[in-house]
Amino acid sequence: MKTFSTLAIALTALTVSGCASVIVSDDAIVDRTAFALGLNKGDFTISNRVDDGASARYAVRTRTGQEFNCFLGGTMGFVGRQVSEAICTKKGEVGRNPLLR
């Protein structure tokens, strides 16, 4: 019985850990995007969300008309949900590693 319980927990964790739609909530996307772009939460709209494994890609349009492509990832572990910071690139520009600036 103990082996069955351990197996059931492991399979559940594996199933949930690969699904961004479960791990990455809409609120988390809005919070992380606002921080990444330095905007208030109501100053942009999010569209075209695509969940790809444990990450989510989406488009952002600000009130001033600027457009960005963004992504973030998430994992589910024993400590609960963890969502990365959003990484956003202005449409039409090459993505740059902020650590190399």
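1. T33 lies in helix α3, where helices (H or I, at least four residues) and strands (E, at least two) are DSSP runs numbered from the N terminus. This is a predicted model, in which local features need pLDDT of at least 70 and side-chain atom pairs count only at pLDDT 80 or more, whereas totals for chains, interfaces and linings use all residues. Residues are numbered from 1 along each chain as its sequence is written, and side-chain values use heavy atoms, with hydrogens and water left out.

2. With a relative accessible area of 0%, T33 is buried, on a scale where buried means under 20% relative accessible area, exposed over 50%, and partly exposed in between (1.4 Å probe, protein chains only). The side chain of T33 is joined to that of Y58 by a polar contact of 2.6 Å; such a contact is a pair of N or O atoms within 3.5 Å, and within protein one must be able to donate a hydrogen and the other to accept it, while residues adjacent in sequence count only if both atoms are side-chain atoms. Not counting residues up to four places away in sequence, T33 touches F44, I46, Y58, V60, A86 and C88, contact meaning heavy atoms within 4.5 Å.

3. Confidence deserves attention before any detailed reading. The protein chain averages a pLDDT of 80, and 75% of the residues score at least 70, pLDDT being the predictor's confidence in each residue, from 0 to 100. Confidence is lowest in helix α1 (residues 2-17), at a mean of 49, and highest in strand β2 (residues 55-62), at 94. Over residues 13-18 the pLDDT is below 50, and this stretch has 9 contacts in the model beyond near neighbours in sequence. Where pLDDT is low, the predicted coordinates should not be read in detail.

4. The protein chain contains 3 helices and 5 strands, arranged along the sequence in the pattern α-α-α-β-β-β-β-β. Of its 101 residues, 20% are buried. Among contacts with a separation of 6 or more, 37% are between residues 24 or more positions apart.

5. Strands β3 and β4 (residues 80-83) pair in the antiparallel sense over 4 bridges, pairing being assigned if DSSP finds at least two bridges between two strands. The two strands form a hairpin with 2 residues between them, and G77 has G80 in β4 as its bridge partner.

6. The largest nonpolar core has 14 residues, of which V24, I29, Y58, V60, C70, L72 and V83 touch the most other members; such a core is a set of buried Ala, Val, Leu, Ile, Met, Phe, Trp, Tyr and Cys residues joined through side-chain atoms within 4.5 Å. Helix α3 (26-37), β2 and β3 each supply at least two residues of this core. Leaving aside neighbours within four places in sequence, L72 is in contact with residues including V24, I29, Y58 and V83.

7. A search of the whole structure finds 1 disulfide, defined as a pair of cysteine sulfur atoms within 2.5 Å. C70 and C88 form this link, with their sulfur atoms 2.1 Å apart, and the link is right-handed, with 115° about the S-S bond. The pair connects distant parts of the chain, with C70 in strand β3 (residues 67-77) and C88 in strand β5 (residues 87-90), 18 residues apart. C70 is buried, at a relative accessible area of 3%, whereas C88 is partly exposed, at 22%.

8. One backbone angle may be checked. N48, in strand β1 (residues 44-52), has a positive phi of about 55° although it is not a glycine, and N48 is exposed, with a relative accessible area of 60%.
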